[in-house]
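This note is written for a student who is reading the structure for the first time. The points below concern charged pairs, aromatic rings and a few individual positions.

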Amino acid sequence: MAYQTLIVEIEEYVALIRLNRPEALNALNSVLLGELADALKAADANEKVRCIVLTGSDKAFAAGADIKEMSEKSFVDMFTQQFFATEAESILRTRKPIIAAVAGYALGGGCELAMMCDFIICAENAKFGQPEINLGVVAGIGGTQRLTRFVGKSKSMDMHLTGRFMDAAEAERSGLVSRVVPLAKLIPEAMGAAQKIAAKSMLSTMIVKECVNRAYETTLAEGVAFERNSFYALFATEDQKEGMAAFLEKREPQFRDK
């Protein structure tokens with residue numbers, strides 16, 4: 001399917017989805033988020049996709065939400081339209097792993113979108129921020145909640161209240177991103193990680209995603225119980241038998257997602 005605001009390529013079981021509004025530094029609007037929700041739903045259903053990489057341009061992953069689209073809206077408009085909420089919830093329902101490959105600005109909605117992915121690999125020129133305070137508003141797609149869980153209360157408060165940006169080194173140090181690479185190596189690094197994930201049992205990768213996400217959504221005891229039951233459940237799969245047999249036989253496993 002052709003999109004107005006995205007470029008989608010599928011290679012070696014990895015879907016590379018590139019945000020493509022260069023004239024607006026990939027600012028998020030209703031069209032882009034709607035198309036992204038649709039593209040992720042399609043990737044989730046595509047047997048030729050086992051992992052997803054979401055990226056932007058060298059200059060901007062996404063420089064925020066589209067202020068032109070929002071500036072004249074009222075509370076009633078935002079509330080009745082559930083502005084961005086439907087699209088965000090659809091994105092979060094994606095079961096296959098999503099890697100955010102971030103270069104340049106990931107601000108406001110862009111930072112929130114990156115945090116909605118399963119982990120972030122960023123280039124050395126990446127800048128993260130939640131500067132909504134400068135517009136007289138607050139983050140609206142989970143920024144106050146997810147950033148606090150990633151980097152802790154103090155840094156989150158600092159960023160949300162002052163609007164300051166966090167560079168790549170601080171983002172890695174604070175736990176917001178998993179690794180930092182030179183800009184030229186960003187896409188190869190993200191695609192390499194995605195291809196490693198794609199080689200695993202998809203049943204296992206989807207359950208890992210559920211288990212780790214559960215750690216942020218429940219108590220430790222409930223999370224451990226969920227993990228334990230997931231661990232037991234995977235012993236009902238052919239992939240568990242193949243994975244353990246391959247280990248004992250010192251060969252690469254051939255997973256079949258069964």
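1. E23 is exposed, because its relative accessibility of 63% lies over the 50% that marks an exposed residue. Please keep in mind that the model is predicted. The partner of E23 in a salt bridge is R21, and their closest N and O atoms are 3.6 Å apart. R21 is itself buried, with a relative accessible area of 11%, which is under the 20% limit for a buried residue.

2. Side chains of opposite charge can pair when their charged atoms come close. How many salt bridges does the structure hold? The structure holds 12 salt bridges. One of them joins the side chains of R95 and E210, with an N to O distance of 3.4 Å. This pair links distant parts of the chain, as the two residues are 115 residues apart. R95 belongs to the loop between α4 (85-92) and β5 (98-102), whereas E210 belongs to helix α10 (residues 202-215). Both partners fall in the middle class of accessibility: R95 is partly exposed at 47%, and E210 is partly exposed at 34%.

3. A further salt bridge is formed by R251 and E249, where the closest N and O atoms are 2.7 Å apart. R251 is partly exposed, its relative accessible area being 33%. Elsewhere, salt bridges with shared partners join K155, D158, R164 and E170 into one network.

4. A pair of aromatic rings is described by the distance of the centres and the angle of the planes. With ring centres required to lie within 6.5 Å, the count comes to six aromatic pairs. Among them is the pair of F83 and F84, with 4.3 Å from centre to centre and 35 degrees between the planes, a tilted arrangement. F83 and F84 are both buried.

5. Why is the pair of F231 and Y232 described as tilted? The planes of these two rings stand at 45 degrees, and their centres are 5.9 Å apart; the pair is therefore tilted, since angles under 30 degrees count as stacked and those over 60 as edge-to-face. F231 is partly exposed, with a relative accessible area of 49%. Y232 is also partly exposed, at 49% relative accessibility, and its place is in helix α11 (residues 220-233).

6. Ring pairs link F231 and Y232 with F235 into a cluster. The reader may wish to view the cluster and the patch together.

7. Two contacts involve F226. The charged end of R214 sits over the ring of F226, at 3.8 Å from the ring centre. The backbone oxygen of F226 is reached by the side chain of S230 at 2.9 Å. S230 lies in helix α11 and is buried, with a relative accessible area of 10%.

8. Finally, where is P182 found? P182 is in the loop between β10 (179-181) and α9 (186-198). At 36% relative accessibility, P182 is partly exposed.

Note on methods. Residues numbered from 1 in each chain as written. Predicted model: local features only at pLDDT ≥ 70, side-chain atom pairs only at ≥ 80, totals over all residues. Heavy atoms only, no water. Buried < 20%, exposed > 50% of the residue type's maximum accessible area, 1.4 Å probe, protein only. Lys NZ or Arg CZ within 6 Å of the ring centre and 35° of its normal. Helix = DSSP H or I, 4+ residues; strand = E, 2+ residues; numbered from the N terminus. Polar contact = N/O pair within 3.5 Å; in protein donor to acceptor, adjacent residues only side chain to side chain. Salt bridge = Lys/Arg side-chain N within 4 Å of Asp/Glu carboxyl O.
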